[in-house]
Protein chains: 2
Amino acid sequence: MDDFYIGQEVSVEKTFGKDEVLAFSELTGDCNPLHIDDGFAKNSRFGATIVHGMFVAGLISKVIGMQLPGEGSIYLEQNMRFLKPVYVGDCVTAKVKIKDIMQEKKIFTLETNVYGNDGTCFVSGTAKVLYEGEL
Amino acid sequence: MDDFYIGQEVSVEKTFGKDEVLAFSELTGDCNPLHIDDGFAKNSRFGATIVHGMFVAGLISKVIGMQLPGEGSIYLEQNMRFLKPVYVGDCVTAKVKIKDIMQEKKIFTLETNVYGNDGTCFVSGTAKVLYEGEL
């Protein structure tokens, strides 16, 4: 626990490819045509297919579970505001930053945001995670 | 919009199978052994492999995007508390219920909970969704 400090952060980039978005649709059953049908999405308010919000959230979850705090993290809460859509093919960066550490209870409060290359914030949020150390 | 009313709800059941949890790990890159390694999970505080919180959340997302309000829903917010782990192989029920409708802005506030067969609440939360009607 002593290796962690408030303000510590990790960033991870990911491009959401078409095949992955299709696979996410199949796996979750969320087959909204906005995510998977190019022709349909072209005529929508978005103009092109967009990534499922929960798939973008999966990137946050990965960073928490694999890097900060890392393996052994158990999700207690995740709050998210979806500010702008991530388009299929977009490269985004998930940033997880420690806001608070409750040493006794081993609970971390984290800022969890997803940005575009130009600094646009797509998803803003916070998480609470229980972390009892390396597995 | 007139077909919707406060208190309206939809429930959807799902069993999270081992293969799906493996597929979710691969797709998101969240390869925490608690989710995918039986031997490891057996010796953990959980005693068996558990489903990614964000995969369980995907079921909520599916119900919103496909059923209530349905296709054309755009996620604005999703807040979740993960109260208990869902084990791989567990059958759960996601319930989405309309708490409030802002007619002018076309914004729905939804209760989004996930229950076990015995009524245990695994995930409790709320969502805000913009819905402009059938796609």
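Two strands pair if DSSP finds at least two bridges between them. Strands themselves are DSSP runs of E with at least two residues, helices are runs of H or I with at least four, and both are numbered from the N terminus.

The model is predicted: local features need pLDDT of at least 70, side-chain atom pairs count only at pLDDT 80 or more, and totals for chains, interfaces and linings use all residues. Residues are numbered from 1 along each chain as its sequence is written, chains are lettered from A and ligands numbered from 1 in the order in which they are written, and side-chain values use heavy atoms, with hydrogens and water left out.

Start with one chain. Chain A has four helices and five strands. Along the sequence, their order is β-α-α-α-α-β-β-β-β. The C-alpha atoms of chain A fill a box of roughly 55 × 30 × 20 Å along the principal axes.

Now look at how the strands pair. In chain A, β2(A) and strand β5 (residues 121–131) are antiparallel and share nine bridges. One of the pairs sets Y75(A) against V129(A) in β5(A). In chain B, nine bridges join β2(B) to strand β5 (residues 121–131), again in an antiparallel run. Here Q78(B) stands opposite A127(B) in β5(B).

Chain B also shows the other strands. Strand β1 (residues 9–15) of chain B is joined to strand β3 (residues 91–102) of chain B by seven bridges, and the two run antiparallel. From β3(B), the pairing goes on to strand β4 (residues 107–116) of chain B, with ten bridges in the antiparallel sense. M102(B) has I107(B) in β4(B) as its bridge partner.

Two backbone details deserve a look. In chain B, the hairpin of β3(B) and β4(B) has four residues between the strands, and K106(B) takes a positive phi near 60°. In chain A, K106(A) has a positive phi of about 60° although it is not a glycine. K106(A) sits in the loop between β3 (91–102) and β4 (107–116) of chain A.

The second detail is a cis peptide bond. In chain A, such a bond joins L68(A) and P69(A), with omega about 0°. P69(A) lies in the loop between α4 and β2 of chain A. In chain B, the peptide bond from L68(B) to P69(B) is cis too, with omega near 0°. P69(B) is in the loop between α4 (53–66) and β2 of chain B.

Next comes the meeting of the two chains. What joins β2(A) to strand β2 of chain B? Five bridges do, and β2(A) and strand β2 (residues 73–82) of chain B run antiparallel. Within this pairing, M80(A) stands opposite Q78(B) in β2(B). E77(A) has R81(B) in β2(B) as its bridge partner.

The contact, meaning heavy atoms within 4.5 Å, takes 37 residues from chain A and 37 residues from chain B. The area buried between chain A and chain B is about 3,200 Å², and carbon and sulfur atoms give 65% of that area. Buried area is the accessible area (1.4 Å probe) that two parts lose on being put together, summed over both. On the side of chain A that touches chain B, the elements giving two or more residues are α1 (18–28), α4 (53–66) and β2 (73–82) of chain A. The largest share, ten residues, comes from β2(A). By class, this side has 18 nonpolar, ten polar and nine charged residues. Ala, Val, Leu, Ile, Met, Phe, Trp, Tyr, Cys and Pro count as nonpolar, Asp, Glu, Lys and Arg as charged, and the others, Gly among them, as polar.

Finally, the symmetry. Two copies of a chain are related by a rotation about an axis and a shift along it. Chain A can be laid on chain B with an RMSD of 0.0 Å by a turn of 180° and a shift of 0.0 Å along the axis, superposed by least squares on the C-alpha atoms of residues with pLDDT of at least 70 in both. That is the relation of a two-fold axis. Of the residues of chain A, N79(A) comes closest to the rotation axis, at 2.1 Å (C-alpha). The copies meet through the same surface, because 100% of the interface residues of chain A are also interface residues in chain B.
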